[in-house]
Amino acid sequence: MSNVQLTGGICGRLANTKNEEELETLFNSEPVLQILSIKKVAPTPGSTLDRYRIIVSDGEAFTQSMMATQLNHFVEEGLITKNTVIVVEKFTCNYVQQRR
């Protein structure tokens, strides 16, 4: 197995960066993260699709995330599980209770 370097510090930078230009740079990066936890959550009202909440780590900190429903098959087919290292090709942040 090759030695993979996680993108250390990106969780903290995403949570604390106020500068829009720096955020844009972060959103255009492809961070390498490790999945610590995967949990199925109930569909939202009016939807029949399951959602997955994942906790990811950059090796220094961790954050909660929601997977896009288009990626559900990765979990359902066992292609990603706890401790899987992933490259996140596309992501965004939403404010929840006044926090990013």
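Visitor: Is Thr7 buried, partly exposed or exposed?
Guide: In this predicted model, Thr7 counts as partly exposed, because its relative accessibility is 28%, and buried would require under 20%.

Visitor: Where is the place of Thr7?
Guide: Thr7 lies in the segment before H1.

Visitor: And what is Thr7 in contact with, leaving aside its neighbours within four places in sequence?
Guide: With those neighbours set aside, the contacts of Thr7 are Pro31, Val32 and Asp58.

Visitor: How many residues apart in sequence are Thr7 and Ser57?
Guide: They are separated by 50 residues in sequence, while their C-alpha atoms are 9.0 Å apart in space.

Visitor: Changing topic, how many residues has the largest nonpolar core?
Guide: That core has 15 residues, and Leu33, Met67, Ile80 and Ile86 have the most contacts inside it. At least two of its residues come from each of helix H1 (10–16), helix H2 (20–27), strand S1 (32–41) and strand S2 (51–57).

Visitor: Which element gives the most to this core?
Guide: Strand S2 does, with 3 residues.

Visitor: What is the mean pLDDT of the protein?
Guide: The mean is 89, and 92% of the residues reach 70 or more.

Note on methods
Residues are numbered from 1 along each chain as its sequence is written. This is a predicted model: local features need pLDDT of at least 70, side-chain atom pairs count only at pLDDT 80 or more; totals for chains, interfaces and linings use all residues. Side-chain values use heavy atoms; hydrogens and water are left out. A nonpolar core is a set of buried Ala, Val, Leu, Ile, Met, Phe, Trp, Tyr and Cys residues joined through side-chain atoms within 4.5 Å. Buried means under 20% relative accessible area, exposed over 50%, partly exposed in between (1.4 Å probe, protein chains only). Helices (H or I, at least four residues) and strands (E, at least two) are DSSP runs, numbered from the N terminus. Contact means heavy atoms within 4.5 Å. pLDDT is the predictor's confidence in each residue, from 0 to 100.
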